[in-house]
Amino acid sequence: MLLVSTNYAPEHAGIGPYATQIAEHWADLGHETHVLAGMPHYPAWSLEPEYKGALQRTEQRAGVTVHRRAHTVPPRQTAVKRALFEGSILLHGAVAPPRMPRPDAVLAQMPSLAGGVLAARLAARWKVPYVPVVQDLMGAAAAQSGISGGDKAAAIAGRAEAYALKRATLVGVIHETFVERVVGMGVDPGRIRLVPNWSHVPRPTRPRGETRRHLGWGPGETVVLHSGNMGLKQGLEVLVGAARLDPQVRFVLMGDGSQRSALADLSADVPNLDIIPPAADGEFPDILAAADVLAVTQHAAVLDMSVPSKLTSYFQTGRPVVASVAAEGGTAQEVERSGAGVLVPPEDPEALLKAVRALAEDPEGADALGAAGPRHVAAHLSREAGLARIDALMDEALGGTRP
C-alpha cells in the first residue's frame, strides 16, 4: 500500500496524525506499507531542525517505510507562497518518486493538492486503484480563508483539485457538506463515500486540578482554551477581542501557525491572554481537559471547505465547546451533532464571552454538556470505527463489494 500525505509523524496536529494512524494500522495488519511525505513542518510552518538541509530521506517508523521529499516552507501564507509550496511538493515527488514495489492501491490525503495530483499520476503509472480522502477543500479554502490573492488561487486550486478527484476510483470525504462541491468538480456522486475522521487522542488521565496547578491556572479562574493551528481561517482575533472585554477570564491559545506572531502583537497589551507552545503528545489530553471551555473559531466566510480536526480531540476530553462559527457550516453541524457545545455567531467577541460566562455560572450544566463529547466519540468517532471505514473504502476500491 502507498499513502501520499505531505503531513506525517512526527507532526502532531492537523491531518498528520490521521495519515500516521492509517499507515501504522496497515502495517500492523501485515501489509507492506509505504508513505510519500514531506518534511515535518506543521503547524509551526517551520522545518524541524533535524530535517534542515535534507533533500530526501527514507525512514522506518513503526513498521512503515516513509519516503520524504524536500519542499518550500512558507512561514507566512500568501497565494504565491502557497503555490510555491504545492509546486515544490509536486515537482520533487514527480522527479523522485518513492522507490518501492508496485503497490496494490494508492491512498492520498488532500490537502495537499500536489499530493493528490502525485497520487493520481503514480496510480495511473502503476495501473492500480487510487483513492483520495478530502480533508479540506483547497479551492474553497483559498476563497473563504482570507489569504492574500485568494480569488486567483481559488481558481487554480479548484482546477488541480478537479484533476485529482476526477481520476479517482472512489473519493472519500470527511463531512457531508463537502459532497456538493466534489460533485461540482465532475465526480460521479456514486463514487463518493463518507469517511469521517476519528478521535486520535486518548482520554485524559490526570486530575484536572493537578494539571491546572502545573499550568498556573487558579482554581476559581475561568479558562478558555483554543488548541491547534493559528492560521488565517481560524479568525482567532475574536478571542483577543473577547479577552479585552473581561480581564477576569483567562484566554489561552495553545499551538503554532502562520498567524502566531501577528496574534502575539495584537494581544501584547492583553494580560489575560496567553500564547503557549503546542503540548507534548502525552500532556495534550490533560491540558484540554483542564480548561473550563474549549473554543473553536472560524471566519464568517468559512462554510463548506473545512471541519477542524481539533473537534474530535475536544469531544474526547469531556469539556464544553463554544463554537464561534457560521451556523450553516460543517463545523456547526458537528458541534450540534455531538451535543457537546454551543454555537455563537462568528467574529463576535461579545457573543463568545456571553456564552463563556453562562457556562461558568452553571458548572453543572457545563459538565453535562461536556460529558456528551466522550459519548459521541464512543458511538461514532472511535479510532477503530474510523480505521474500519478507511479499510472498507480501500477494499471496495480493490474490487470488493460496497459495505
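**Entry 1: H11 and H14.** I looked up how helix H11 lies against helix H14 (residues 363-380) and found that their axes come within 6 Å and cross at roughly 115 degrees. Axes here are lines fitted to C-alpha atoms, for helices over the stretch in contact, and angles run from 0 to 180 degrees between N-to-C directions. Helices (H or I, at least four residues) and strands (E, at least two) are DSSP runs, numbered from the N terminus. The model is predicted: local features need pLDDT of at least 70 and side-chain atom pairs pLDDT 80 or more, while totals for chains, interfaces and linings use all residues. Residues are numbered from 1 along each chain as its sequence is written, and side-chain values use heavy atoms, with hydrogens and water left out.

I noted that H11 passes H14 in a left-handed crossing (the near helix is turned anticlockwise from the far one by less than a right angle; clockwise would be right-handed). In contact (heavy atoms within 4.5 Å) are Thr 312, Phe 315 and Gln 316 of H11 with Gly 373, Pro 374, His 376 and Val 377 of H14. I sorted this contact by class and got three nonpolar, four polar and no charged residues. Ala, Val, Leu, Ile, Met, Phe, Trp, Tyr, Cys and Pro count as nonpolar, Asp, Glu, Lys and Arg as charged, and the others, Gly among them, as polar.

**Entry 2: the sheet.** I traced an open sheet of six strands with parallel pairing, in the order E11-E10-E9-E12-E13-E14. Two strands pair if DSSP finds at least two bridges between them. At the edges I found E11 (273-276) and E14 (341-344), each pairing on one side only. The twist averages 25 degrees from one strand to the next. Helix H11 (residues 310-317) packs on this sheet and touches E9, E12 and E13; the direction of H11 makes about 165 degrees with that of E12.

I then checked E10 (residues 249-256), which runs parallel to E11 and is joined to E11 by four bridges. Met 254 has Ile 276 in E11 as its bridge partner.

**Entry 3: H8 and H13.** I found that the axes of H8 (residues 237-245) and H13 (residues 349-361) come within 8 Å and cross at roughly 65 degrees. H8 passes H13 in a right-handed crossing. The residues of this contact divide into seven nonpolar, one polar and two charged.

**Entry 4: the whole protein.** I counted 15 helices and 14 strands. Buried residues (under 20% relative accessible area, 1.4 Å probe, protein chains only) make up 60% of the 403 residues.

Conventions. Buried < 20%, exposed > 50% of the residue type's maximum accessible area, 1.4 Å probe, protein only.
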